[in-house]
Amino acid sequence: MSATALHPVDLEPSLLTAHTYTTRRRSTVVDPATVMSMMVCLLYCLPAPLIVPELTYAGRPALLTAFALWCWWLTTRLNPRLVMVGPQPMRWVVFAYLVSILLSYLAGLARGLTTLEANGQDFTLIVTVQFLGVVLMAADGIPNWERLNGVLRVYLWSAGFMAVVGLLQASLKVNIVAYMTFPGLQLKSDVADFQPRGAGGLFRVAGTATHYIEFSTVMAMAVPFAIHFARFAPTRNARLAAGTVGVLVTAAIPFAISRTGVLALGIAMAVMFLAAWDWRTRYNVLIVGGAVVAALMVVKPGLLGTLKSMFATAENDPSITGRTDDYAYVAQWFSERPWLGRGPGTLIPDLYLILDSQWLYSLVTSGIVGAAAFAALHVTGITLASIALRRSTRPADRHLCAALISALVTSIVVSATFDSLGFSTFAFTLALMSGLCGAVWRFSHPRRTVRTSYVRRQSEYLQSD
């Protein structure tokens with residue numbers, strides 16, 4: 001009998017100690033992938049301002065779930081049988097990022113803070129811990145490709161739900177998000193209204209997100225994953241369903257009437273075009289994309305023209321000139337505290353201004369150290385996913401790695417157009433994608449000790465000879 005028959009690939013063994021192996025197959029009903037899927041669902045399907053009463057915006061149900069993931073990861077570090085063995089580069093990046101925020105936090109305290117600034121700094125520290133909990137548990141806690149794909153399927157369907165909400169808002173002219181309340185939760189602020197933009201009665205929608213830009217960017221980041229499951233889902237019905245979600249998500253992007261959303265979609269598609277697709281897939285995507293554009297021209301005349309004019313007249317747009325006018329303030333603040341900044345979260349709009357660039361915001365509030373750590377998070381994720389892409393032999397795994405790369409490249413660019421970490425739906429999507437880059441690196445690593453994610457009871461260990 002062949003070795004494959006005796007030891008099926010689905011067993012996915014991982015070395016624990018000398019002559020002792022365990023399986024990475026799912027062994028419990030609730031594992032990190034399950035909790036992460038729940039977090040993603042709460043993040044996309046509940047309105048962003050909906051929180052647990054008496055809490056800040058860090059009290060979004062999704063963010064509280066993320067904090068539980070942080071606590072779970074820390075708990076595993078207390079027991080040598082539960083801790084992840086082998087290296088994980090993403091852990092070092094997370095550690096560096098956390099240290100940079102803590103140093104900036106201390107620098108803010110040393111500077112002296114108003115009450116609003118102190119509250120903003122405390123809030124940012126709490127959200128950072130929640131953010132890093134998602135990164136760590138995605139990198140270390142997801143046990144195998146099957147569970148990773150399960151999380152991404154939930155992510156895709158949740159993004160599809162948000163897209164449908166946005167399309168209903170645009171077609172019915174009713175802000176249905178205002179009615180999406182649940183017992184035990186309350187709206188911290190008003191949901192995003194319909195902001196007029198362009199001629200012909202056009203207006204912007206935000207789905208369940210906080211802002212129109214955030215809505216369009218998270219939709220754009222989801223498109224490569226919709227294409228992934230439309231190509232590689234195990235059944236024909238699943239592929240058709242993923243393709244339908246992909247069309248809905250793509251169609252929802254223009255209704256935000258945002259340059260950033262169009263830019264994000266273009267970047268995501270360019271990365272996939274260059275890194276993952278053969279010519280047949282490229283033609284198919286172009287054909288479907290052309291059909292979506294044609295449908296939008298018929299269903300919503302003037303929408304695409306408005307988007308085109310936004311790019312053509314960008315040099316005269318007040319939102320663009322407002323961004324460039326902020327450079328003088330940024331230069332002044334940066335020159336005062338270049339290395340650690342003014343303190344995370346201390347650039348309060350009511351006291352100073354709204355800085356529509358996460359890179360500049362990080363530079364001002366966290367200094368060179370904080371901005372470098374934020375950049376390292378992206379660069380490390382892209383590097384790990386690229387390594388996994390080269391190692392992987394299955395076309396589906398390679399395509400998935402390319403989709404993760406596209407998400408992080410998109411984040412790098414769009415973070416220059418709005419303060420991305422200030423919008424929790426986008427920020428925690430970035431956290432998920434960064435962590436999954438560490439996971440695919442681990443899954444594709446040739447050493448079994450690196451691939452281990454968690455252990456089971458001693459009685460369930462598989463003993464080798």
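**Helix packing, a pocket and a cavity**

Let me start with the second largest pocket, whose lining residues divide into 21 nonpolar, 7 polar and 4 charged (nonpolar being Ala, Val, Leu, Ile, Met, Phe, Trp, Tyr, Cys and Pro, charged being Asp, Glu, Lys and Arg, and polar the others, Gly among them). Please keep in mind that this is a predicted model, in which local features need pLDDT of at least 70 and side-chain atom pairs count only at pLDDT 80 or more, while totals for chains, interfaces and linings use all residues. Residues are numbered from 1 along each chain as its sequence is written, and side-chain values use heavy atoms, with hydrogens and water left out.

The volume of this second largest pocket is about 850 Å³. Which of its 32 lining residues are the closest to its centre? They are Ile 227, Met 269, Val 285, Val 288 and Gly 289. At least two lining residues come from each of five helices, namely H7 (212-232), H8 (236-252), H9 (259-275), H10 (279-299) and H11 (303-312), and H10 gives the largest share, with 12 residues. Helices here are DSSP runs (H or I, at least four residues), numbered from the N terminus.

The structure also holds 1 cavity of 30 Å³ or more. The largest cavity has a volume of about 30 Å³, and the residues that line it are Ala 170, Leu 202, Phe 203, Phe 255 and Lys 300, which by class gives 4 nonpolar, no polar and 1 charged. On a 1 Å grid over the protein atoms alone, a cavity is a set of points where a 1.4 Å probe fits but cannot get out, a pocket is an open set with protein on both sides within 12 Å along at least five of seven lines, and lining residues have an atom within 4 Å of a point. Points are joined across faces, edges and corners, and the volume is the space filled by probe spheres set on them.

By class, the contact of H14 with H15 has 12 nonpolar, 4 polar and 2 charged residues.

H15 also packs with H16 (residues 424-444), at about 140° and with the axes 10 Å apart, so H15 is oblique to H16. Among the residues that meet here are Cys 401, Leu 404 and Leu 408 in H15, and Phe 426, Leu 430 and Met 433 in H16, and this contact of H15 with H16 divides into 11 nonpolar, 2 polar and no charged residues.

My last pair is H3 (residues 61-76) and H5 (residues 115-141), with an angle of about 60° and axes 7 Å apart, and therefore H3 is oblique to H5. Residues of H3 including Phe 67, Trp 70, Trp 72 and Trp 73 meet residues of H5 including Val 129, Leu 132, Met 137 and Asp 140, and the contact of H3 with H5 has 13 nonpolar, 2 polar and 1 charged residues.

Technical notes: Axes are lines fitted to C-alpha atoms, for helices over the stretch in contact, and angles run from 0 to 180 degrees between N-to-C directions. Angles under 35 degrees count as roughly parallel, over 145 as roughly antiparallel, 65 to 115 as roughly perpendicular and the rest as oblique. Contact means heavy atoms within 4.5 Å.
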